[in-house]
Amino acid sequence: MSSKLIDGKAASARVLAEVAADVAVLKGAGIEPALAVVLVGDDPASHVYVRNKVLRANEVGIRSLEYRLGADASAEAVLEVVAGLNADASVNGILVQLPLPAHIDETRVLQAIDPAKDVDGFHSENVGGLSQGRPVLTPCTPAGCMRLLRDTLGDLSGKHAVVVGRSNIVGKPMAALLLAANCSVTVLHSRSVKPEKLCGQADIVVAAVGRPRMIGADWIKPGAVVIDVGINRIDEDGRSRLVGDVDFDAVLPVASAITPVPGGVGPMTIALLMQNTVTAARQQHGLTAQE
Ligand SMILES: Nc1nc(=O)c2c([nH]1)NC[C@@H]1CN(c3ccc(C(=O)N[C@@H](CCC(=O)O)C(=O)O)cc3)C=[N+]21
């Protein structure tokens, strides 16, 4: 049964090794890729994520800069940090950790990031480019899911993919990437009628709804490949644990392959962030993928 597990930690280690080799080549050409992470407020989960990003960056030789602002920081203060990073030619990638405190307009901040340094792929210039099939910086979580799917299935052409969830950060870009890979794509959401019936036709299921164990065995066609993006912290049997949007124990016997939580999509998200930072650095120096 364990061969059914899609090991996101191992896959992310492979991506990070490729990135480290690319960084070494860039350093040989006198370029040190740099990633700036902006964290506003004191959400404990965000602090853990940012610390992990900085650790991974340092492991692959990417210089990291951290900017921390208090929970009561004004939108103008955040925009000022972003403007400074846009103007700094030694900074190749900018990531503003989400969610921002409620009083700050997220769209306004994300749109202020130079699209060439937008390693999250959230600026409308990059969102539009993804939908048009232009080679742009692509959101890290969906890009990580695509890498896991290609490692598992190879060519995805003609597969029926169902994406559960329609967020701007996962569901929508995921659907765009699957379409670009020649899948037939269905996107399900809270208003979908009999979603389990539609999902039950899928060769590939990507779950990104943020509801613990919502997707049970009755949603999954035997032999489907299941990618679980959900990271939900729940209290169970008196202790706190992480579970996905998929009922892992129930779906494991039905699927041909499935990602665990933790150890699935999460580590890939960070690995793809490092890859995007190297891509951004190359493009800013006028280099192609081979140089
Ligand atoms: N601008 C922005 N970009 C992001 O990419 C972004 C963000 N904001 N805000 C928060 C979410 C969440 N996110 C995760 C990254 C890695 C893990 C990860 O590595 N998880 C591990 C461990 C989880 C744990 O133990 O807490 C795992 O799933 O195995 C999880 C979640 C990136 N996000």
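Reader: How many bridges join strand E8 to strand E9?

Author: Keep in mind that this is a predicted model. Strand E8 covers residues 232-236 and strand E9 covers residues 239-243. The two run antiparallel, and the number of bridges joining them is five.

Reader: In the hairpin of E8 and E9, which residue takes a positive phi?

Author: Check the turn of this hairpin, where two residues sit between the strands.

Reader: Are helices H1 and H10 roughly parallel or roughly antiparallel to each other?

Author: Start with H1 (residues 8-28) and H10 (residues 265-284), whose axes come within 8 Å. These axes cross at roughly 15 degrees. Angles under 35 degrees count as roughly parallel, and therefore H1 and H10 are roughly parallel.

Reader: And is the crossing of H1 and H10 left-handed or right-handed? How many nonpolar residues does the contact have?

Author: For H1 and H10, the crossing is left-handed. In the contact, H1 residues including Val15, Leu16 and Val19 meet H10 residues including Ile270, Ala271 and Met274. Four residues of this contact are polar and two are charged, while the nonpolar ones number 15.

Reader: How far apart do the C-alpha centres of domain 1 and domain 2 lie?

Author: The chain is divided into domain 1 (31-114) and domain 2 (140-266). Between their C-alpha centres, the distance is 28 Å.

Technical notes:
Residues numbered from 1 in each chain as written. Predicted model: local features only at pLDDT ≥ 70, side-chain atom pairs only at ≥ 80, totals over all residues. Domains from an automatic or database assignment. Pairing = 2+ DSSP bridges. Helix = DSSP H or I, 4+ residues; strand = E, 2+ residues; numbered from the N terminus. Axes fitted to C-alpha atoms, helices over the stretch in contact; angles between N-to-C directions. Parallel < 35°, antiparallel > 145°, perpendicular 65-115°, else oblique. Left-handed = near helix turned anticlockwise from the far one by under 90°. Contact = placed C-beta atoms within 7 Å. Nonpolar A, V, L, I, M, F, W, Y, C, P; charged D, E, K, R; others polar.
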